[in-house]
Every structure is written in structure tokens, then in C-alpha cells.
Amino acid sequence: MRILGIDPGLRATGFGVIDAQGPRMSYVASGVIRIASGPLPPRLGTIHDGIAQVIEQYSPQCAVVEIVFVNVNPQSTLLLGQARGAAITALVTRGLPVHEYTALQVKQSVVGYGRAAKSQVQAMVQRLLQLPGLPSTDAADALACAIAHASAGSMTRAVAAQGLLGAARGARSRRGRMR
């Protein structure tokens, strides 16, 4: 499965593409969509168009977008939410299923600690994908989103293969959580 991870931002939106087959992951591409300063609508258009180009070039089968956290400045949170919306719109209008994880979930999955520093995320992404150098922080965050989703899917398949999920025990899943 080819997974596109997105780390939305109004100055720089990171993207990362990986291929996942079972527990194996391999790097495909990553980068940053640079957004010029100026009025908000054209900036959102740049994000949308940039994501559309990434989709066209790499043909992912699903996408993962980091959920915006509420920070001290509510205006910044609202603006970041709009950047996230532009990215999600580009994904959905091209028919991609979109999965969402919080930064805490992504860091927990990739580093093993939900409050890991950006440098720790970069180092683990480099190690997990066997990259020759550290990716930029925005690209690393996007790749980490894709890795988290690949890991979650791999774990779900492994548990299902062991017969721990299913009708025999009456287990059901809702929004990715077992009930």
C-alpha cells in the first residue's frame, strides 16, 4: 500500500510517501510545499494545488493528515485548521481515503514517546526508512504520519491473523478502536 502523509502548515506543508507491505516500509519520496506570505486564500490554493501535484506524481492509495492541536494562540489554531482543510480537500476530491492521527499518536507510534522532540522524530524516521540523511522537520513529520498509519494497519492485520479479532469474540471496531 502506498501511503501519503501530510503535515499541514501555512508557511510549509510537509509531505511524505512510503510503501508498506506488512511490517516492511520503504521510502518513496518526501518534501515540502513552500507557501509564500500574503493573503490567506492564495496560500490555501497553493497548499491544495501542491498536494494535488504530489497525488498525481506518486499515486498514493490513502492519506494521513495530522490533527491540529489547540495551542495558546486561537488565531494560529484557526489558520492552521484552514491549511489542514485545504490539504484534506485536495485528498478527498481525488478520491483518497483520509486517516487522521494526533501528533501524540504519531510520536508514540514512531518514537515510542508521545512528547518526543522534533529531532527525535527526524532521527527515528531516518532510521526506520533507512534514509542517508535527516529529512527536514516538516517532511519528517509527514513521513512519521505515514509510518504511524502503516504500523497501525500492520498491527491490526497481525492481531486479526491471530484470531483475536472477529465474530467469535464479538469484537467490533469503531474509528480504529476496538469495542
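Which side chain meets Asp-19 in a salt bridge? In this predicted model, the partner is Arg-2, with N and O 2.7 Å apart. The two residues sit in separate strands. Arg-2 belongs to strand E1, residues 2-7. Asp-19 belongs to strand E2, residues 12-21. The pair is 17 residues apart and links distant parts of the chain. Both ends are partly exposed: Asp-19 has a relative accessible area of 24%, and Arg-2 has 23%.

Side chains of opposite charge can pair when their charged atoms come close. The count of salt bridges here comes to three. Two of them remain to be visited.

Turn to Glu-100 and Arg-84. Their closest N and O atoms are 2.1 Å apart, and they form a salt bridge. Glu-100 lies in strand E5, residues 98-101, while Arg-84 lies in helix H2, residues 74-93, so the bridge ties together parts 16 residues apart in sequence. The two ends differ in their surroundings. Glu-100 is partly exposed at 43% relative accessible area. Arg-84 counts as buried because its relative accessibility is 13%, under the 20% limit.

The remaining bridge joins two helices. Lys-118 is in helix H4, residues 118-128, and Asp-141 is in helix H5, residues 137-161. Their side chains meet at 2.5 Å, N to O. Lys-118 is partly exposed, with a relative accessible area of 44%. Asp-141 counts as buried, at 9%.

Now go back to H2, the helix that holds Arg-84. H2 has 20 residues. From its first C-alpha to its last it reaches 28 Å, close to the 28 Å expected.

Which residues of H2 are buried? They are Thr-77, Ala-83, Arg-84, Ala-86, Ala-87, Ile-88, Ala-90 and Leu-91. An α-helix has 3.6 residues a turn, so residues three or four places apart point the same way. Several elements cover the buried residues of H2, including E1, helix H1 (40-58), strand E4 (62-66) and E5. Two of these names have come up already.

Finally, look at the ends of H2. What caps its N-terminal end? Asn-73 does, with a side-chain oxygen 2.9 Å from the backbone nitrogen of Gln-75. Past the other end, just after H2, comes Gly-95. Gly-95 takes a positive phi of about 80 degrees.

Notes
Residues are numbered from 1 along each chain as its sequence is written. This is a predicted model: local features need pLDDT of at least 70, side-chain atom pairs count only at pLDDT 80 or more; totals for chains, interfaces and linings use all residues. Side-chain values use heavy atoms; hydrogens and water are left out. A salt bridge is a side-chain nitrogen of Lys or Arg within 4 Å of a carboxyl oxygen of Asp or Glu. Helices (H or I, at least four residues) and strands (E, at least two) are DSSP runs, numbered from the N terminus. Buried means under 20% relative accessible area, exposed over 50%, partly exposed in between (1.4 Å probe, protein chains only). The expected span of a helix is 1.5 Å times one less than its number of residues. Contact means heavy atoms within 4.5 Å. A polar contact is a pair of N or O atoms within 3.5 Å; within protein, one must be able to donate a hydrogen and the other to accept it, and residues adjacent in sequence count only if both atoms are side-chain atoms.
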